[in-house]
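Reader: Hi! I'm new to reading structures. Could you walk me through this one?

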Amino acid sequence: MTAKKELRRVYGLAIVLLVVGALSYAAFPAKTPEQPPRIMLKNIAGKVLFDHKTHTSVQGYGLSCLDCHHTDDEDETDPELCGEGGCHEPKSEDEDMLNRRDAFHLQCIGCHQEFEVSPLEEQCELCHVM
Amino acid sequence: MLEQKKFIVSHAPFLHNGSSIAKRNYNIILAALPAVVFGLFQYGMPAVGVVSLSVSTAIIWELLINRITKSKISIADGNAALIGLLLGMLLPPVSPWWLVITGTFIAIIVGKQIFGGIGGNPFHPTLVALAMLMLSWKDFLDFDEHLVNYDFDFIAVYPLGALKHFGVAAIESFHAGGLLIGKQTGGTGATFGLGLIAGGIYLMARRIIRWEISISFLGGVLICALVFNLADATRFAGPSFHLFTGYTLVGAFFLATEDSSSPVNFIPMLLYGATGGILTVLIRNVGAYIDGVVFAILIINILNPLLDKIRPEALGRVA
C-alpha cells in the first residue's frame, strides 16, 4: 500500500469513528432503568454499593417496593425519591424529618437486625467502602 | 580461529522483509480486537462510543500536533490509533466524552509528542493518560459506580474493588474459568481473558512483542500473589485471581511490551517484566490503589534505561 493510500485510510478511520462515537453519545445517553440493579450511595463515610436487585428479586430477599420505600399518601404505590431531591435530604435540619444518613441507617440496619442478616450494627466496613 | 566468519555484510541492494511500524501497530490492534469486540457486545452502545471516540480523537490530536509543529504527518503509522484503542479498552465503558478526549490529549501530546513522537516516549503514553485521569477524577474510574445500571448473569462488582474493600470473603464466587471468559466487570477491553491471551500469543508468535517481557510479567504476578496467598490466605487472594482480573493480562501483552519504553536485552527484559508483575501485586495487596498495573508499568518504564545497561559483552577487544 502506498503512503498516500495509508494516510487516506487513517483519515477515513478517524472520521468514521468520530461520527460513530458522537452518535453513540448523542443517541444512546445513559438511562437509569425504572428498577436499577444496583445503586451507588455516595456519602462522606465511604460509598455504599446497594444491591437493589438482590433485595427485590424472588431469588434474593423478595421485598416489595413499599417494604422500604414509602410515600406521603398511603394509596400511592409509586415509590418516591429517598435522599437527595427527595424527602430525606443529606443536610436536612428539619426536626420532623430524618436526614438521609439517619433514614438509611435506620432502614438498612433495622431490617438487617430484625432478620439477623449480616451486615449488622457497627459492621460499617461491610457496607461502606473505607 | 581467525578464519571464523561471524557476521557477513554484503553490499546493496538489500532485500527488505516487508515489516514496518505501521504493520506492527495494525497487528497489535488486530490482536486486541477479540477482547474489544467482546467488551462492545457486553456493554453495548456506551462502550462503542468510548472506544470510537478514543481512537478517533487520538488520531486527531496527533494530526493537530503534526500540523502545529510542522512535522511529517505521522498518523498513518497506526501508533496514535493504537494508543487511543488501548485507552478505550482500559476506561470504564460508560465514561463521559470529555474524559475520553482529555485522556487522548494527555496520551498523545503529554505522553508521546512532547518527547519527540514515536520511539521517544519514556512511558507508555496510554498509561500516562490513565494515571493522570485516575489521580484527577478518581470517581470516574470507579467501575462499580459507573456500571450500576448493567444487569449481568454474574456478580457485577469489580473483582479487585471487592477484594480491596471487603477482603477475600467477598471474592469467593469468582472462579478462574469465569474470569477468563469475561464474567467480570472492568474496562471494555480488559475483561475477556481468553481474547487477550489469544492476542498475546499471536503477537509473541509474530515476534511483534517480546515473550520475555509478557511471560516474566505474568510470572512476577503469579509468584508474588502465591507468596502472599501462602502467607495468609484469609487476607490475600490467590494467583489465578490476580492473573485474570483488572488490567493484568492487557498489561502483560499490550502495555508493558511497548517498544519505546521497554528494554531490548534478554536479562533486562526478564527483570523488567518480573518487577512489573511483583509491583502489581504489591500495590494491590499492600498499596493504596485497587489495581496496581498502571503504576507498576509506569515504574518499570522508569527502570527501563537503567536495566538496559545490563548488556552483552561487545565482540572483539580494544588493542
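Reader: How many helices and strands does chain A have?
Author: Chain A has four helices and two strands. Starting at the N terminus, their order is α-β-β-α-α-α. Keep in mind that this is a predicted model.

Reader: Is chain A spread out or compact?
Author: Spread out. Its radius of gyration is 23 Å, while the globule rule gives 14 Å for 130 residues, so chain A is more spread out than a compact globule. Its C-alpha trace spans about 75 × 35 × 35 Å along the principal axes.

Reader: And how much of chain A is buried?
Author: Of its 130 residues, 6% count as buried.

Reader: What domains does chain A have?
Author: The domain assignment gives domain 1 (1–31) and domain 2 (39–126). The centres of these two domains of chain A, taken over C-alpha atoms, are 44 Å apart.

Reader: Switching topic: how many residues are in the largest nonpolar core?
Author: There are 100 residues in it, and B:Leu90 and B:Val250 are among those with the most contacts inside. Helix 2 of chain B supplies the largest share of this core, 10 residues.

Reader: What does B:Leu90 touch?
Author: Leaving out residues up to four places away in sequence, B:Leu90 touches B:Thr126, B:Leu130, B:Gly187, B:Ala190, B:Tyr247 and B:Val250. Two names there, B:Thr126 and B:Leu130, are also among the buried residues of helix 5 of chain B.

Reader: What do the buried residues of helix 5 of chain B pack against?
Author: They pack against helix 3 (79–90), helix 4 (97–110), helix 12 (248–255) and helix 14 (293–307) of chain B.

Reader: Why is B:Tyr202 called partly exposed?
Author: Because B:Tyr202 has 17 other C-beta atoms within 10 Å, and a buried residue needs 20 or more while an exposed one has 12 or fewer. Also, B:Tyr202 and B:Asn27 are 175 residues apart in sequence, yet 9.0 Å apart in space, C-alpha to C-alpha.

How values were computed:
Residues numbered from 1 in each chain as written. Chains lettered and ligands numbered in written order. Predicted model: local features only at pLDDT ≥ 70, side-chain atom pairs only at ≥ 80, totals over all residues. Core = buried A, V, L, I, M, F, W, Y, C linked by C-beta atoms within 7 Å. Contact = placed C-beta atoms within 7 Å. Domains from an automatic or database assignment. Rg over C-alpha atoms; globule rule 2.2 N^0.38 Å.
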